[in-house]
Amino acid sequence: MSCASKKYLSLMNKVLDQEATEQEERILYEHLANCVECRAHFDELKYSTDLLCRLAHPQLPAGFTKSVLAQLPPEKRHAIRRWGSRHPVLAAMAICAVPMSLVIVGARRQTMQSRDKNGYVLVKVSGDQT
Ligand SMILES: [Zn+2]
C-alpha cells in the first residue's frame, strides 16, 4: 500500500469495526472511489474481517450444547450445596470452625507470650500493691 496517508488505513479499521462516525465513513468512501490501492486493501481487510466473523460464530449442530453438558461430570459446587441443605447444623459448624480456630490460636499465642521464663502466667491486677 503506497498511498501516502495512513489516515485511511485507520479509517478502514474503524469502519470495519463499526466504530466510525458517518462523517468518517463518508471521508473513507470518497477516498476509496478515487484510490485503487486503498480500495483493494479495504476489500482485503473486509474479506479477512468477514472470515474472522464466520470463525468466531461457527454453526453447531442442533443439540450440541445439550450433548456436551450431558457428558460433563456433575459440579462439585452443587454437591456441597446439597450436603449443606441436608445437614444445616453441620454446615453452620463447619463455617464457624475456621474463625473459631483462629480465635483459639490467637488466644493461645497471647497466653504463651505473657508467660515468664519459668512458665508462670504473669497477670497484672490493678490496685493490688502488696
Ligand atoms: Zn489511498
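## Basis and burial

A residue is classed as buried if 20 or more other C-beta atoms lie within 10 Å of its own, as exposed if 12 or fewer do, and as partly exposed in between, with C-beta atoms placed from the backbone. By this criterion, 6% of the 130 residues of the protein are buried.

The structure is a predicted model, in which local features need pLDDT of at least 70, side-chain atom pairs count only at pLDDT 80 or more, and totals for chains, interfaces and linings use all residues. Residues are numbered from 1 along each chain as its sequence is written.

## Confidence

The predictor's confidence in each residue is expressed as pLDDT, from 0 to 100. Its mean over the protein is 81, and 85% of the residues reach 70 or more. Among the elements, helix α2 has the highest mean pLDDT (95), whereas helix α5 (residues 76–86) has the lowest (73).

## Secondary structure and contacts

Helices (H or I, at least four residues) and strands (E, at least two) are DSSP runs, numbered from the N terminus.

Two residues are in contact if their C-beta atoms, placed from the backbone, lie within 7 Å. Of the contacts with a separation of 6 or more, 35% link residues 24 or more positions apart.

## The nonpolar core

A nonpolar core is a set of buried Ala, Val, Leu, Ile, Met, Phe, Trp, Tyr and Cys residues joined through C-beta atoms within 7 Å. The largest one comprises eight residues: Y8, L11, M12, V15, L28, L32, C38 and F42. Helices α1 (7–16), α2 (22–34) and α3 (36–56) each give two or more residues to this core, and α1 provides the largest share, four residues.

Y8 belongs to helix α1 and counts as buried because it has 20 C-beta neighbours inside 10 Å. Leaving aside residues up to four places away in sequence, Y8 touches C3, L28, H31 and C38. The C-alpha atoms of Y8 and I27 are 8.7 Å apart, although 19 residues separate the two along the chain.

## Annotated regions

UniProt positions are given in the numbering used here, feature names are shortened, and annotations may be inferred rather than shown by experiment. An unreviewed UniProt entry lists "domain: Putative zinc-finger" at residues 8–39. In the model, this span is 81% helix and 0% strand, with its end C-alpha atoms 10 Å apart.

The feature "transmembrane region" is placed by UniProt (unreviewed entry) at residues 89–107. Residues 89–107 are 100% helix and 0% strand, and their end C-alpha atoms lie 26 Å apart.
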